[in-house]
Amino acid sequence: MKALVAIKRVIDPYVKIRVKADGSGVETTNVKMAINPFCEIAIEEAMRLKEAGIVTEVVLVSLGDAIVQETLRAGLALGADRAVHIETDVSPEPLTVAKTLAELCQREAPGVVILGKQSIDGDNNQTGQMLSALLSWPQATFASTITISEQTATVTREIDGGLETLSVDLPAVITTDLRLNQPRYASLPNIMKAKSKPLQTLTLSELGIDAKQHTMVEVIEPPPTRQAGVMVESVSELVDKLRNEAQVLS
Ligand code: AMP
């Protein structure tokens, strides 16, 4: 069974984000980029399924401009077998990504598609769900454990009320939550090996996908800066301040 893993290139989660002066987006020039953390978890899970003899091939896919190939090579260094780069100059919205992945699924016929539950830049949390709808494949989102046997995946999901376990027929779309696994580091030999692994490039038009944007970001603003705190001398002064100055007790 083949596993298709969708990975997104995002700003490294440990970098302090700077909003562009004109509010058109966030600064990415000379900023360290990384594989979206939830996508790294998706690669790790696919690798564990391969190591368990359940998956036979791990294929990575990413949409973006040419630099995305760097991210795909980083994913190949984690052990994936090959990668597909879908070239596009615009940053594609979730529906475009989902349509593209759906088309790729028709060509690649994976037994399972693993995505991150959300990309940490847009915080959309949409692509996996849209992909499942477009393919009419079952979905199991926010996975914290995945067990695959025969033609079924049993997935424990992290939901507001606790944990939910469900079974889905394969092929299925699964999205990863934070506690699914701890991704491995790429070893030096694997980084070297990744350089010569197959990486295919396709364009959106070759896949028959129209990259029409349905949403437009009006403006991006940094959060308001926090005001400095004050030290109070006593509990009664604190209560007085809470009563008279804070919104919470009024
Ligand atoms: P989102 O719906 O944007 O929060 O993204 C959820 C997941 O969809 C990500 O964790 C990736 O697995 C996948 N995804 C989103 N954008 C891309 C992209 N440009 N290329 C490949 N996969 C993507």
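This is a predicted model: local features need pLDDT of at least 70, side-chain atom pairs count only at pLDDT 80 or more; totals for chains, interfaces and linings use all residues.
Starting with the big picture, the protein chain has 250 residues, and 42% of them count as buried. Laid along the principal axes, the C-alpha atoms take up a box of roughly 65 × 40 × 40 Å. The accessible surface is about 14200 Å², with 52% of that belonging to carbon and sulfur atoms. As for how the chain meets itself, take the contacts with a separation of 6 or more: 69% of these come from residues 24 or more positions apart.

Strand 6 (residues 112-116) pairs with strand 10 in the parallel sense, over 5 bridges, and here Gly 116 has Thr 176 as its bridge partner. Strand 7 (residues 139-149) runs parallel to strand 10 as well, joined to it by 3 bridges. Thr 176 turns up again in this pairing, where Ala 143 stands opposite it.

Now for the ligand. It is surrounded by 17 residues, and the closest are Ala 6, Ser 119, Asn 125, Gln 126 and Thr 127. Sorted by class, this shell holds 7 nonpolar, 9 polar and 1 charged residues. Strand 4 (57-64) and strand 6 each supply at least two residues of the shell, and strand 4 gives the most, with 3 residues. Strand 6, then, both contributes to the ligand shell and pairs with strand 10.

A polar backbone atom of Gln 126 is 2.8 Å from an oxygen atom of the ligand. The side chain of Asn 124 places an N or O atom 2.9 Å from an oxygen atom of the ligand. On the nitrogen side, a backbone N or O atom of Ile 7 lies 3.4 Å from a nitrogen atom of the ligand. Taken alone, the ligand would expose 480 Å², and the protein buries 98% of that.

Strand 4 is also where Val 61 is found. Val 61 has a relative accessible area of 2%, under the 20% cut-off, so it counts as buried. Leaving out residues up to four places away in sequence, Val 61 touches Leu 4, Val 5, Ala 6, Ile 7, Leu 72, Val 84, Ile 86, Leu 101 and Leu 104. Val 61 and Leu 199 are 138 residues apart along the chain, yet their C-alpha atoms are separated by 9.5 Å.

Finally, Thr 88 lies in the loop between strand 5 (82-87) and helix 3 (94-108). Despite that loop position, Thr 88 is buried, with a relative accessible area of 7%. Its contacts, again not counting residues up to four places away in sequence, are Leu 63, Gly 64, Asp 65 and Leu 204.

Technical notes: Residues are numbered from 1 along each chain as its sequence is written. Side-chain values use heavy atoms; hydrogens and water are left out. Two strands pair if DSSP finds at least two bridges between them. Helices (H or I, at least four residues) and strands (E, at least two) are DSSP runs, numbered from the N terminus. A residue is near a molecule or strand if one of its heavy atoms lies within 4 Å of it. A polar contact is a pair of N or O atoms within 3.5 Å; within protein, one must be able to donate a hydrogen and the other to accept it, and residues adjacent in sequence count only if both atoms are side-chain atoms. Accessible areas come from the Shrake-Rupley method with a 1.4 Å probe; for residues, only the protein chains shown count as cover. Ala, Val, Leu, Ile, Met, Phe, Trp, Tyr, Cys and Pro count as nonpolar, Asp, Glu, Lys and Arg as charged, and the others, Gly among them, as polar. Buried means under 20% relative accessible area, exposed over 50%, partly exposed in between (1.4 Å probe, protein chains only). Contact means heavy atoms within 4.5 Å.
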